[in-house]
Amino acid sequence: MSGKHAAYARKLVNAEETKQTMLALTDADASLTVEDAYQIQLETIKIKLAQGKKVIGKKVGLTSTAMQKMLGVNEPDYGHLLNDMVVENGAAVRIDSLISPKIEAEIGFILEEDLEGPNLTYLDVLMATRFVVPTLEIIDSRVADWKIKLVDTVADNGSSAKVVIGEKMSKLNGIDLRTNSMVLFKNNELMATGAGAAALGHPAHAIAWLGNKLHEFGMALKKDELILPGALSGANSVSSGDTIEAKFGALGSVSVHFV
Amino acid sequence: MNLLTNRDKEIIEYLFAAERDAREVSKVTDKFPELTIEDAYLIQDGLLARKRMEEGTKTVGMKLGLTSKAKQKMMGVNEAIYGYLHSDMLAFEWEPISFSQFIHPKVEPEIAFLLAEDLKGEHITIEDVLKATKYVAPALEVIDSRYKDFRFTLNDVIADNCSSAKFVVGSKWVSPSAIDIGSIGMVLSKNGKLEQTGSSAAVLGHPAAAIAWAVNQLHTIGKGLRKGDIVLSGAMSEAIAFQAGDSVIAAFDGLGSVSMYCE
């Protein structure tokens with residue numbers, strides 16, 4: 001089985017490196033389970049670590065009921081964030097470095113201690129949170145036309161591509177993360193609005209889910225890592241020339257430009 | 001580790017089954033009038049250990065009860081009581097709470113304290129509690145005595161983990177230095193109708209005083225509160241009954257609100 005996992009992982013990494021989309025894994029092999037998909041994802045991370053890249057965090061995906069409905073699932077998924085995905089606030093991203101990118105706004109968490117499941121609650125997450133930070137996540141699918149099932153996106157590292165990290169790091173004192181505002185602009189035009197509760201009811205609840213899920217794989221949430229709890233509105237396609245900005249009220253803002 | 005007697009074990013099974021089956025039972029002291037307060041806390045301990053084993057949960061904190069003078073008078077005591085909170089008792093503002101798990105639930109508004117460090121000792125003061133507290137947050141506690149008609153003696157309610165059932169925590173978390181915790185106003189409504197008003201001062205004059213009392217009490221049996229614990233400091237008003245289909249919201253001055261829906 002692990003030979004098969006490694007082979008699929010290689011295919012996914014090749015697609016990412018060459019920007020050539022591939023057929024969904026589930027089209028080639030209908031027997032793949034979600035369990036297999038997470039193993040394939042781990043193999044893709046192994047390949048990248050061998051290239052000298054580093055894991056800097058994790059992301060939770062499929063946290064909105066709309067996304068879960070679309071893929072016919074009732075739980076989120078997760079992926080790894082690597083150092084080469086990081087984009088500086090306000091920087092330019094080459095659209096041709098991606099295949100079919102979309103963008104979504106999230107409240108990033110940075111923990112001050114490790115958290116290990118099982119039975120993690122969102123209270124544990126909030127108590128262990130050092131800062132929250134505005135982020136934009138750029139997602140991309142290595143599968144042609146985003147024709148993905150749950151297994152496909154999990155194997156493809158949760159369709160992760162880039163993450164733009166804002167500069168303002170906020171402590172939680174006085175912040176209400178459920179009602180915290182998010183307003184997304186494309187070229188200064190309002191594109192979407194949302195609030196923290198869009199991520200599984202409370203962004204820290206999504207992170208508690210992740211901690212408990214990671215425990216199934218013998219992993220834990222790590223201090224100082226960046227953890228993205230899921231989008232606060234639907235994902236929006238972007239093209240060359242677009243400037244995207246997300247404003248999070250008291251938490252500050254984050255932006256990126258596509259060339 | 002204190003050894004439980006056969007009587008204690010019988011009571012633990014009795015209360016465990018009552019909660020599991022959402023079935024009201026006669027109070028324990030009807031059969032065992034000789035029960036002391038020490039026995040009652042030992043039985044509570046045993047009951048909680050039984051639940052953690054059966055349900056795979058962990059202890060996440062503590063709750064205080066009988067923190068108002070009125071309630072203490074009603075029970076003929078002049079002390080508060082405490083019970084423990086388990087991870088499966090945490091309910092969410094974003095998920096309906098199922099009525100079928102309850103017998104005759106009530107809900108009461110409280111200030112939750114979240115501890116940044118361990119808190120133990122014998123002369124703990126309000127200042128010590130505030131110093132160890134990272135955040136305060138609004139909370140709703142659902143209580144559901146396993147005893148018929150919610151009638152019990154002090155020792156009965158202690159054995160029954162102080163009627164604990166569920167709790168919901170609001171999402172605005174505030175540092176204790178940023179708010180006067182001794183005088184937070186609270187308005188409790190059900191289905192849009194005003195039910196209760198109160199202030200945090202209803203909790204032994206200051207919610208942190210109730211926690212200081214609990215910590216000093218725990219010290220006498222070699223225990224304390226732990227870093228990361230959530231402590232529900234006591235009701236700020238009378239508890240109100242609710243049914244399936246009811247929405248409850250408590251609004252707090254400076255702490256936002258916390259709500260629940262029961263289906």
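Student: Which residues does B:Leu140 touch, not counting residues up to four places away in sequence?

Tutor: This is a predicted model: local features need pLDDT of at least 70, side-chain atom pairs need 80 or more, and totals for chains, interfaces and linings use all residues. Residues are numbered from 1 along each chain as written, with chains lettered from A and ligands numbered from 1 in written order. Touching means C-beta atoms, placed from the backbone, within 7 Å. The partners of B:Leu140 are B:Val107, B:Pro109, B:Phe167, B:Val168, B:Val248, B:Ala250, B:Val258 and B:Met260.

Student: How many residues are in the second, separate core?

Tutor: A core joins buried Ala, Val, Leu, Ile, Met, Phe, Trp, Tyr and Cys through C-beta atoms within 7 Å. The second one includes A:Leu25, A:Ala37, A:Tyr38 and A:Val143. Its count is 16 residues.

Student: How many residues does the largest nonpolar core have?

Tutor: B:Ala112, B:Ala139, B:Leu140 and B:Phe167 have the most contacts inside this core. Its count is 138 residues.

Student: Is A:Ser159 buried or exposed?

Tutor: A:Ser159 is not a glycine, yet its phi is positive, about 55 degrees. Buried needs 20 or more other C-beta atoms within 10 Å, exposed 12 or fewer, partly exposed in between. A:Ser159 has 26 such neighbours, so it counts as buried.

Student: Is A:Asn188 buried or exposed?

Tutor: A:Asn188 also has a positive phi, about 70 degrees, without being a glycine. Within 10 Å it has 7 other C-beta atoms, so A:Asn188 is exposed.

Student: Which residues does a cis peptide bond join?

Tutor: Most peptide bonds are trans. Here omega is about 0 degrees. The cis bond joins A:Gly117 and A:Pro118.

Key:
Two residues are in contact if their C-beta atoms, placed from the backbone, lie within 7 Å.
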